[in-house]
Amino acid sequence: MRNITGSPVENDDFFERPQDLARLQRELANKANVLLTAPRRVGKTSLVLRLCERERSAGRTAVFMNVEGCHDELAFAEKLVDGLNESGLHPEALSRISLAFRKARKALSGMKVGAAGVDMDMGTPEDPDHSTLGRALESIFRKIESAETPVLLAIDEMPELLLALGRQAQGTERVSRLLHWLRALRQTCRTKLRWIFLGSIGLDSFVDDRSLRKTINDLIGLHLEALSDKEASQFLTRLGESNGLSLASKQRSLIIKRVGWPLPHHLQIVFHAIVDSGARHVDAAAVEAAFAHLLQPENLSQFDTWRQRLDEQFGQSDANAAKDTLRHLCQHPDGRTRDQILNALMSTRQSADPAAVEDQLSRLLLMLQRDGYLLENDSRYAFRSFLLREYWHRREIR
Ligand SMILES: Nc1ncnc2c1ncn2[C@@H]1O[C@H](COP(=O)(O)OP(=O)(O)OP(=O)(O)O)[C@@H](O)[C@H]1O
Ligand SMILES: [Mg+2]
């Protein structure tokens with residue numbers, strides 16, 4: 001297990017998560033389609049890559065697609081076709097469609113382009129007309145549905161695509177059409193085709209914000225958590241053994257306690273910092289020094305994604321209120337009550353309607369908990385990760 005601190009991990013670098021994997025496999029066996037929700041950096045992508053690997057070794061087909069960077073329906077469709085193509089499914093039909101897509105990309109002709117972007121309408125089985133993007137794709141999915149081998153499609157970063165699409169002309173309508181189209185597809189091809197959606201922005205928050213919940217209400221929600229203390233200890237044992245720095249139980253506990261919330265990613269970066277410091281003996285001072293190193297100005301950018309995502313995910317008013325909330329909370333390790341946070345928000349929003357700010361705060365506190373920023377304990381809200389709290393403090397306060 002190498003000490004990897006950023007990209008998804010595979011093969012021997014993957015620390016097994018047998019229970020989480022089994023939960024996913026159970027749902028697939030029950031013919032469910034899954035929405036995997038989790039705070040960021042918990043290891044969603046790595047886990048689903050592992051699941052795909054398992055599916056393949058069981059003789060099934062699994063296609064993993066990251067749709068981050070796709071900004072419209074055509075790019076999404078191209079990604080789907082490329083993914084299916086790589087898995088060797090229906091090569092002739094796919095290459096015909098790929099060709100049509102390339103032409104469409106060039107001229108946006110040959111496919112109906114409606115006022116709301118590229119037409120995602122579903123066709124009917126009797127309708128041989130592949131003139132719309134949706135229908136062309138659907139013909140492939142019907143082939144999969146009538147073949148022997150089950151196919152798993154894992155779509156990573158779907159909300160990123162939807163956010164990008166939403167910013168385009170007639171974006172709101174196009175997002176809604178794409179989500180409706182996908183839902184219809186799941187209903188039509190429900191025997192052989194399984195879907196898993198995952199992403200670093202919650203798809204559930206995204207659809208709730210836009211009253212589109214019904215477009216995903218057929219998905220079974222599974223939540224992935226950080227590691228338990230026991231798993232975190234095993235994780236550090238393996239990391240230590242594979243990287244020439246064996247850690248005794250006391251040393252592992254020290255690290256886990258200091259991290260506060262054992263995200264695999266945070267364990268990896270703390271371990272990396274300890275190795276980097278050249279410490280021979282891992283004691284409290286060495287762990288403290290590793291933290292101090294991670295919080296040096298030149299290392300802070302690795303946490304910046306946690307701040308940037310707020311701007312990407314929320315409108316300006318919500319993003320500002322979320323940042324103000326976190327700025328307030330990073331100064332209070334023991335947490336603050338909802339009223340105390342509200343007072344802090346009102347102090348910079350003196351002309352705002354208190355009821356509206358209270359409403360906004362309630363919504364945001366829920367989302368910030370769901371996304372792993374905050375934890376509620378005894379009606380007090382606090383940063384979940386000590387590392388993240390200290391990062392916030394460095395960035396915002398000093
Ligand atoms: N099972 C695992 N074994 C070892 N390291 C892991 C594991 N899962 C996650 N990590 C660590 O976390 C990092 C991020 O993993 P991954 O990209 O899978 O998370 P993610 O939840 O998809 O993140 P994001 O929210 O940014 O999309 C990896 O680079 C690695 O350091
Ligand atoms: Mg990911």
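**Figure 1. Strand 5 (residues 151–156) and strand 6 run parallel and are paired over six bridges.** This is a predicted model, in which local features need pLDDT of at least 70 and side-chain atom pairs count only at pLDDT 80 or more, whereas totals for chains, interfaces and linings use all residues; side-chain values use heavy atoms, with hydrogens and water left out. Residues are numbered from 1 along each chain as its sequence is written, and chains are lettered from A and ligands numbered from 1 in the order in which they are written. Strands (E, at least two residues) and helices (H or I, at least four residues) are DSSP runs, numbered from the N terminus. Two strands pair if DSSP finds at least two bridges between them. Within strand 6, Leu193 is the bridge partner of Val151. Strand 6 also pairs in the parallel sense with strand 1 (residues 34–37), over three bridges, and here Leu36 stands opposite Leu198.

**Figure 2. Strand 6 (residues 193–198) is mostly covered, with six of its six residues buried.** Buried means under 20% relative accessible area, exposed means over 50%, and partly exposed lies in between (1.4 Å probe, protein chains only). On one side of the strand are Leu193, Trp195 and Phe197, on the other Arg194, Ile196 and Leu198, and all of these are buried.

**Figure 3. Five strands with parallel pairing form an open sheet in the order 2-5-6-1-7.** The edges are strand 2 (61–66) and strand 7 (220–223); each has a single partner strand, so one side of each is left without a neighbour in the sheet. On average, neighbouring strands of this sheet are turned by 20 degrees against each other, direction ignored. Strand 2 and strand 5 run parallel and are joined by six bridges; in strand 5, Val151 is the bridge partner of Thr61.

**Figure 4. Ser87 lies in the loop between helix 3 (73–86) and helix 4 (91–107).** Is Ser87 buried or partly exposed? With a relative accessible area of 28%, Ser87 is partly exposed. Residues up to four places away in sequence not counted, Ser87 touches Thr61, Ala62 and Val63, where contact means heavy atoms within 4.5 Å. Ser87 and Val63 are 24 residues apart in sequence, and their C-alpha atoms are 6.7 Å apart in space. A polar atom of the Ser87 side chain lies 3.2 Å from the backbone oxygen of Gly83. A polar contact is a pair of N or O atoms within 3.5 Å; within protein, one must be able to donate a hydrogen and the other to accept it, and residues adjacent in sequence count only if both atoms are side-chain atoms.

**Figure 5. Three strands with antiparallel pairing form an open sheet in the order 8-10-9.** Its edge strands, strand 8 (336–337) and strand 9 (374–377), each pair on one side only. Two bridges pair strand 8 with strand 10 (residues 380–383) in the antiparallel sense, and Arg336 stands opposite Tyr381 in strand 10. Helix 14 (residues 316–329) packs on the sheet and touches strand 8, strand 9 and strand 10; its direction makes about 90 degrees with that of strand 10. Helix 16 (residues 354–370) also packs on the sheet, where it touches strand 9 and strand 10; its direction makes about 110 degrees with that of strand 9. Axes are lines fitted to C-alpha atoms, for helices over the stretch in contact, and angles run from 0 to 180 degrees between N-to-C directions.

**Figure 6. Thr325 lies in helix 14.** Thr325 is buried, with a relative accessible area of 1%. Its side chain reaches the backbone oxygen of Ala321 at 2.8 Å. Leaving aside neighbours within four places in sequence, Thr325 is in contact with Ile341, Leu345, Leu361, Leu365 and Leu368.

**Figure 7. Ring pairs link Phe303, Trp306, Tyr373, Phe383, Tyr391 and Trp392 into a cluster.** Rings of Phe, Tyr and Trp (its six-membered ring) pair if their centres lie within 6.5 Å; planes under 30 degrees apart count as stacked, over 60 as edge-to-face and the rest as tilted. The count by this rule comes to eight aromatic pairs. In one of them, the ring centres of Trp195 and Phe197 are 5.8 Å apart and the planes are at 5 degrees, so the pair is stacked. Tyr373 and Trp392 form an edge-to-face pair, 6.1 Å centre to centre with 80 degrees between the planes. Tyr373 lies in the loop between helix 16 and strand 9 and Trp392 in helix 17 (residues 386–396), so this pair ties together parts that are 19 residues apart in sequence. Both Tyr373 and Trp392 are buried.
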